[in-house]
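Colleague: Please take one site in this model and go through it closely. I would like the chains and the surrounding backbone put in context as well.

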Amino acid sequence: MIQIIDLHKKFGENHVLRGVSLTVNRGESFALIGASGKGKSVLLKHLIGLMKPDKGQVLVDGEDIGQMRGRKLKALKDRFGIVFQFGALFDSLTVYENVAFPLQEKTKHSAAEIDKIVRRELANVDLEEAADNYPAQISGGMRKRVAVARCMVMNPEVILFDEPTTGLDPVISNSIYHMIQNLRNTDNLTSFIISHDIPGIFKVVDRVAMLHEGKIVASGTAEEIQNSDNPVVRKFLMGEIE
Amino acid sequence: MDNCTNPLQITGRNTIAVIREMGRMGCFLVTSLFFLLSPPLLLKRIIKQMHFIGVKTILVIVLTGSFTGMVLSLQSYHVLILFGAEAKLGSILALSLIREIGPVITALMIVGRAGSALTAEIGIMRMSEQVDALDAMGLNPYKYLINPNLIAGILVFPVLTAFFIVAGIWGGYLVAVKLTGLSSGLFYGAMAESILMLDLKLGLYKSVSFGLLVTWICCYKGFYAGVGGNFGAEGVSRATTDAVVLCSVLVLVLDYYITSVMLF
Ligand SMILES: Nc1ncnc2c1ncn2[C@@H]1O[C@H](COP(=O)(O)OP(=O)(O)OP(=O)(O)O)[C@@H](O)[C@H]1O
Ligand SMILES: [Mg+2]
């Protein structure tokens, strides 16, 4: 469903992505791993058109999103949900308002319906008590959970998660993983997850790819990656210093 | 590219950078205005921004307005009395306030009070990916962040300018009539006689243009905070300073331009 073909991205002299190619199938959970600062978040932003590739393409259902404009691009964005690495909550709005915001702006639900959805999603991430706080008043992990809730209210078809569980305790991490798995089983949700949660993430996803030096050095099922004999992958998984 | 030492190269590079910046600013304005035409209007956000720009600045405007009027009155009185023309005081005061000082100082005060805050707010939203988050939701950042400010600026600047002028005249009246003992009939009579429709129009055009100019530049600087490699708090503070300086200079340049076009 998502196909990345030979993607290049440079920031000045910093050549971050140097020919990334990978495919994510419909209905699968896909994890991207790789060392910090190597361009995982940058890659993620290309999938929804927030960044434009210097070279290469991103195809969604066979269509190049670089060529999409106006309404078409909007329709694409409606199918995608994204959780940013640092939450990207609107800091002028409370937790509740943040989660309600996409519903208020993008749907025609009544206030009561919106309230019901928001309360449900907040309960899912165990945040009912924090509803009236502002993002600056809550912890980093709580912010992350609000971001997850804000992403889920719109029932996206595809979720792009930038480190959904970093900074969360194991219980909450697991509940987020459960949520992803449940949605995949019931709604055929496709998820693209960037994670540093190794080996935890391997239990959750179908396939894994590793980004190294701007390229995908290995990809395969979680098992294949775990048993990979690629030295780069092995070193990374073992946490060895190069 | 970075290590050129030839003065010609440096000049060339800086010129290109300035032209590029101007081009980006132009595109920014055109894009915003383009999305201005497409519904929905987002009235609530416009009102919120009007409150943000206007209500927070009103006290400052009234204060600066009345003191400006007072000092203007005092200075003019001492000059006019040399020619025995102190009867013209009201007219000089009102004309200079309406035509020049009102719109300009109001704009400068709003830049300092609300413009800088606007740049900082949008800059922080840019840095913390909130602008990207809007975009990713399929909500146009120009429409949600920029346009309400542009419209609010165009609506609020004239109103605040009017407050400034009224406060200025009132301050001038205090000094002229209560302090120096000019008769109030003379003061207001000269004023009423000399103000033409053209003067009011001039003041109005100026304040509307300043409103657009200031909100445009402040939004632009915030929106593009971090471009060129200054990220985080430094990027935001840099953007804010740039916005205030650029606005202040351009307000005065535009002021001269409008005056010369309208009066001659
Ligand atoms: N907007 C930008 N402008 C310039 N450089 C950028 C920008 N965004 C990212 N970079 C650079 O791209 C590189 C990759 O950053 P990215 O955020 O994708 O790393 P990451 O793999 O997500 O790391 P982490 O696991 O720590 O989140 C970094 O060197 C960063 O400096
Ligand atoms: Mg990242």
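Modeller: The accessible surface of chain B comes to about 12,900 Å², and carbon and sulfur atoms hold 73% of it. Accessible areas here come from the Shrake-Rupley method with a 1.4 Å probe, and for residues only the protein chains shown count as cover. This is a predicted model, in which local features need pLDDT of at least 70 and side-chain atom pairs count only at pLDDT 80 or more, while totals for chains, interfaces and linings use all residues. Residues are numbered from 1 along each chain as its sequence is written, chains are lettered from A and ligands numbered from 1 in the order in which they are written, and side-chain values use heavy atoms, with hydrogens and water left out.

Chain B has 9 helices and 0 strands (DSSP runs of H or I with at least four residues for helices, of E with at least two for strands, numbered from the N terminus). Its C-alpha atoms fill a box of roughly 65 × 50 × 35 Å along the principal axes. Of the 264 residues in chain B, 46% are buried, where buried means under 20% relative accessible area, exposed over 50%, and partly exposed in between (1.4 Å probe, protein chains only). Among contacts in chain B with a separation of 6 or more, 85% are between residues 24 or more positions apart; contact means heavy atoms within 4.5 Å.

Now the site itself. Ligand 1 is surrounded by residues from chains A and B, so the two chains share the site. There are 15 residues around ligand 1, and A:Ser36, A:Gly37, A:Lys40, A:Ser41 and A:Gln85 come nearest (a residue belongs here if one of its heavy atoms lies within 4 Å). The shell divides into 5 nonpolar, 7 polar and 3 charged residues. In that count Ala, Val, Leu, Ile, Met, Phe, Trp, Tyr, Cys and Pro are nonpolar, Asp, Glu, Lys and Arg are charged, and the others, Gly among them, are polar. In chain A, strand S2 (14-24) and helix H1 (40-46) each supply at least two residues of this shell, and H1(A) gives the most, with 3 residues.

Several polar contacts can be listed (pairs of N or O atoms within 3.5 Å; within protein, one must be able to donate a hydrogen and the other to accept it, and residues adjacent in sequence count only if both atoms are side-chain atoms). An oxygen atom of ligand 1 is 2.7 Å from a polar backbone atom of A:Gly37. For A:Val42, a polar backbone atom is 3.0 Å from an oxygen atom of ligand 1. At A:Gln85 it is an N or O atom of the side chain that lies 2.7 Å from an oxygen atom of ligand 1. On its own, ligand 1 has 640 Å² of accessible area, and the protein covers 68% of that.

The magnesium ion, ligand 2, is coordinated by A:Ser41 through OG and by A:Gln85 through OE1, at 1.9 to 2.1 Å. A:Ser41 sits in helix H1 and A:Gln85 in the loop between strand S6 (80-83) and helix H3 (95-106) of chain A, so the pair ties together parts 44 residues apart in sequence. Donors are N, O and S atoms within 2.8 Å of the metal (3.2 Å for Na, K and Ca), and water is not among the atoms, so sites may look incomplete. A:Gln85 counts as partly exposed because its relative accessibility is 22%.

Elsewhere in chain A, A:Thr190 lies in strand S8 (residues 190-194) and counts as buried, at 2% relative accessibility. A polar atom of its side chain is 2.9 Å from the backbone nitrogen of A:Gly27.

Some backbone geometry deserves a note. Most residues other than glycine have a negative phi, and most peptide bonds are trans. A cis peptide bond joins A:Ile198 and A:Pro199, with omega about 10°; A:Pro199 is in the loop between S8 and strand S9 (207-212) of chain A. A:Asn188 has a positive phi, near 60°, and lies in the loop between helix H6 (170-187) and S8. The phi of A:Glu213 is positive too, near 50°; this residue is in the loop between S9 and strand S10 (215-221) of chain A and is partly exposed, at 48%.
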